[in-house]
Amino acid sequence: MSLRNLKHMPHIVAVMTPFPYSIDMDASLTQAMDMMREHNIRHLPVMEQGELVSVLTDRDIKMALDPSLGLPPREQLTVRNACVIDAYIVNTTAPLDRVLLEMAERHIGSALVLKDQRLAGIFTTSDACRYLGELLRAQFPVYTGPGDDAA
(Lines give C-alpha, C1' and ligand atoms only; values in the text may rest on other atoms or scores of the structure.)
Protein backbone atom coordinates (compact mmCIF):
# COMPACT_ATOMS: atom_id res chain seq x y z
CA MET A 1 0.00 0.00 0.00
CA SER A 2 1.39 3.40 -0.94
CA LEU A 3 1.31 5.66 2.08
CA ARG A 4 1.86 8.79 0.01
CA ASN A 5 -1.38 8.22 -1.88
CA LEU A 6 -3.57 7.39 1.10
CA LYS A 7 -7.07 8.54 0.14
CA HIS A 8 -9.25 6.60 2.59
CA MET A 9 -9.08 4.99 5.99
CA PRO A 10 -7.12 1.72 5.72
CA HIS A 11 -8.67 -1.50 6.96
CA ILE A 12 -6.84 -3.45 9.64
CA VAL A 13 -5.92 -6.15 7.09
CA ALA A 14 -3.52 -3.69 5.43
CA VAL A 15 -1.38 -3.28 8.55
CA MET A 16 -1.80 -6.47 10.59
CA THR A 17 0.72 -9.27 10.90
CA PRO A 18 -0.83 -12.09 8.84
CA PHE A 19 -0.81 -15.77 9.80
CA PRO A 20 0.33 -15.35 13.40
CA TYR A 21 1.61 -18.18 15.52
CA SER A 22 -1.00 -19.53 17.93
CA ILE A 23 -1.09 -21.93 20.84
CA ASP A 24 -3.59 -24.36 22.30
CA MET A 25 -5.42 -23.44 25.50
CA ASP A 26 -4.12 -26.57 27.26
CA ALA A 27 -0.47 -26.19 26.21
CA SER A 28 2.02 -25.69 28.99
CA LEU A 29 2.98 -22.16 29.93
CA THR A 30 6.60 -23.21 29.41
CA GLN A 31 5.79 -24.15 25.81
CA ALA A 32 4.16 -20.74 25.29
CA MET A 33 7.18 -18.96 26.77
CA ASP A 34 9.53 -20.94 24.52
CA MET A 35 7.42 -20.13 21.44
CA MET A 36 7.39 -16.42 22.26
CA ARG A 37 11.13 -16.40 22.82
CA GLU A 38 11.87 -18.42 19.67
CA HIS A 39 9.79 -16.13 17.42
CA ASN A 40 10.52 -12.89 19.30
CA ILE A 41 6.83 -12.14 19.88
CA ARG A 42 4.84 -10.89 22.87
CA HIS A 43 1.30 -11.95 21.93
CA LEU A 44 -0.04 -15.42 21.12
CA PRO A 45 -3.58 -16.08 19.95
CA VAL A 46 -5.05 -18.96 21.95
CA MET A 47 -7.06 -21.73 20.31
CA GLU A 48 -9.38 -24.33 21.80
CA GLN A 49 -10.69 -27.13 19.61
CA GLY A 50 -9.75 -25.12 16.52
CA GLU A 51 -11.59 -21.97 17.65
CA LEU A 52 -10.00 -18.67 18.62
CA VAL A 53 -10.79 -18.06 22.28
CA SER A 54 -8.20 -15.76 23.76
CA VAL A 55 -4.80 -14.12 23.64
CA LEU A 56 -1.77 -14.72 25.84
CA THR A 57 0.78 -11.97 26.40
CA ASP A 58 4.23 -11.97 27.89
CA ARG A 59 2.80 -9.83 30.69
CA ASP A 60 0.12 -12.45 31.42
CA ILE A 61 2.87 -15.04 31.79
CA LYS A 62 4.88 -12.86 34.17
CA MET A 63 1.80 -12.31 36.31
CA ALA A 64 0.97 -16.05 36.37
CA LEU A 65 4.49 -16.79 37.58
CA ASP A 66 4.13 -14.40 40.54
CA PRO A 67 4.29 -16.65 43.61
CA SER A 68 2.00 -14.34 45.58
CA LEU A 69 -0.96 -15.39 43.37
CA GLY A 70 -0.90 -18.92 44.77
CA LEU A 71 -1.11 -20.63 41.38
CA PRO A 72 0.37 -24.12 40.84
CA PRO A 73 4.13 -24.44 40.29
CA ARG A 74 5.51 -23.19 36.99
CA GLU A 75 5.81 -26.71 35.55
CA GLN A 76 2.08 -27.35 36.09
CA LEU A 77 0.76 -24.09 34.65
CA THR A 78 -1.03 -24.09 31.30
CA VAL A 79 -2.01 -21.31 28.93
CA ARG A 80 -5.51 -21.59 30.42
CA ASN A 81 -4.11 -20.42 33.79
CA ALA A 82 -2.73 -17.21 32.35
CA CYS A 83 -4.53 -16.05 29.19
CA VAL A 84 -6.97 -13.19 28.95
CA ILE A 85 -10.41 -14.43 27.93
CA ASP A 86 -11.70 -10.97 26.99
CA ALA A 87 -9.56 -10.57 23.85
CA TYR A 88 -10.31 -7.78 21.41
CA ILE A 89 -11.37 -9.40 18.14
CA VAL A 90 -12.09 -7.57 14.87
CA ASN A 91 -12.84 -8.46 11.27
CA THR A 92 -10.35 -7.83 8.45
CA THR A 93 -12.54 -4.97 7.21
CA ALA A 94 -12.40 -3.03 10.51
CA PRO A 95 -11.24 0.55 9.92
CA LEU A 96 -7.79 1.18 11.37
CA ASP A 97 -8.81 4.31 13.28
CA ARG A 98 -11.54 2.45 15.18
CA VAL A 99 -9.19 -0.38 16.11
CA LEU A 100 -6.48 2.02 17.30
CA LEU A 101 -8.88 4.10 19.37
CA GLU A 102 -10.45 1.00 20.94
CA MET A 103 -7.04 -0.40 21.84
CA ALA A 104 -6.11 2.92 23.44
CA GLU A 105 -9.41 3.10 25.32
CA ARG A 106 -9.01 -0.44 26.67
CA HIS A 107 -5.27 -0.03 27.34
CA ILE A 108 -4.49 -3.23 25.43
CA GLY A 109 -1.61 -4.19 23.18
CA SER A 110 -3.30 -6.27 20.51
CA ALA A 111 -6.33 -7.01 18.39
CA LEU A 112 -6.97 -10.45 16.93
CA VAL A 113 -8.14 -10.31 13.32
CA LEU A 114 -10.66 -12.75 11.84
CA LYS A 115 -11.72 -13.49 8.29
CA ASP A 116 -14.71 -15.77 7.84
CA GLN A 117 -14.57 -16.56 11.58
CA ARG A 118 -10.98 -17.84 11.31
CA LEU A 119 -7.79 -16.29 12.65
CA ALA A 120 -6.24 -14.25 9.84
CA GLY A 121 -3.82 -12.02 11.72
CA ILE A 122 -2.88 -10.02 14.76
CA PHE A 123 -2.43 -6.29 15.10
CA THR A 124 -0.17 -5.14 17.93
CA THR A 125 1.21 -1.87 19.19
CA SER A 126 4.42 -2.76 17.32
CA ASP A 127 2.43 -2.94 14.07
CA ALA A 128 0.84 0.43 14.92
CA CYS A 129 4.22 2.04 15.59
CA ARG A 130 5.68 0.59 12.39
CA TYR A 131 2.74 1.90 10.34
CA LEU A 132 2.89 5.35 11.93
CA GLY A 133 6.64 5.52 11.35
CA GLU A 134 6.19 4.61 7.67
CA LEU A 135 3.37 7.11 7.31
CA LEU A 136 5.45 9.89 8.85
CA ARG A 137 8.50 8.97 6.79
CA ALA A 138 6.40 9.11 3.60
CA GLN A 139 5.02 12.50 4.61
CA PHE A 140 8.34 13.89 5.88
CA PRO A 141 11.28 12.26 4.08
CA VAL A 142 14.22 11.48 6.32
CA TYR A 143 16.89 14.16 6.45
CA THR A 144 20.38 12.71 6.70
CA GLY A 145 22.40 15.90 6.92
CA PRO A 146 24.85 17.08 9.56
CA GLY A 147 23.66 16.96 13.16
CA ASP A 148 20.63 14.76 12.39
CA ASP A 149 21.36 12.46 15.34
CA ALA A 150 18.63 11.85 17.89
CA ALA A 151 19.22 13.45 21.26
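Colleague: In what order do the four strands of the open sheet come?

Modeller: The order is 1-7-6-5, with mixed pairing. Strands (E, at least two residues) and helices (H or I, at least four residues) are DSSP runs numbered from the N terminus, and two strands pair if DSSP finds at least two bridges between them. This is a predicted model, in which local features need pLDDT of at least 70, side-chain atom pairs count only at pLDDT 80 or more, and totals for chains, interfaces and linings use all residues. Residues are numbered from 1 along each chain as its sequence is written, and side-chain values use heavy atoms, leaving out hydrogens and water.

Colleague: Which strands stand at the edges there?

Modeller: Strand 1 (17-18) and strand 5 (89-91) do; each has a single partner strand, so one side of each lacks a neighbour in the sheet.

Colleague: And which helix packs on that sheet, touching strand 5?

Modeller: Helix 4 (residues 96-106) does, and it also touches strand 6 and strand 7 (contact means heavy atoms within 4.5 Å). Its direction makes about 65 degrees with that of strand 7; axes are lines fitted to C-alpha atoms, for helices over the stretch in contact, and angles run from 0 to 180 degrees between N-to-C directions.

Colleague: How many bridges join strand 6 to strand 7?

Modeller: Six, between residues 110-115 and residues 118-124, in antiparallel strands. Lys 115 has Arg 118 of strand 7 as its bridge partner.

Colleague: Turning to the sheet of three strands, what is its order?

Modeller: That open sheet runs 2-3-4, again with mixed pairing.
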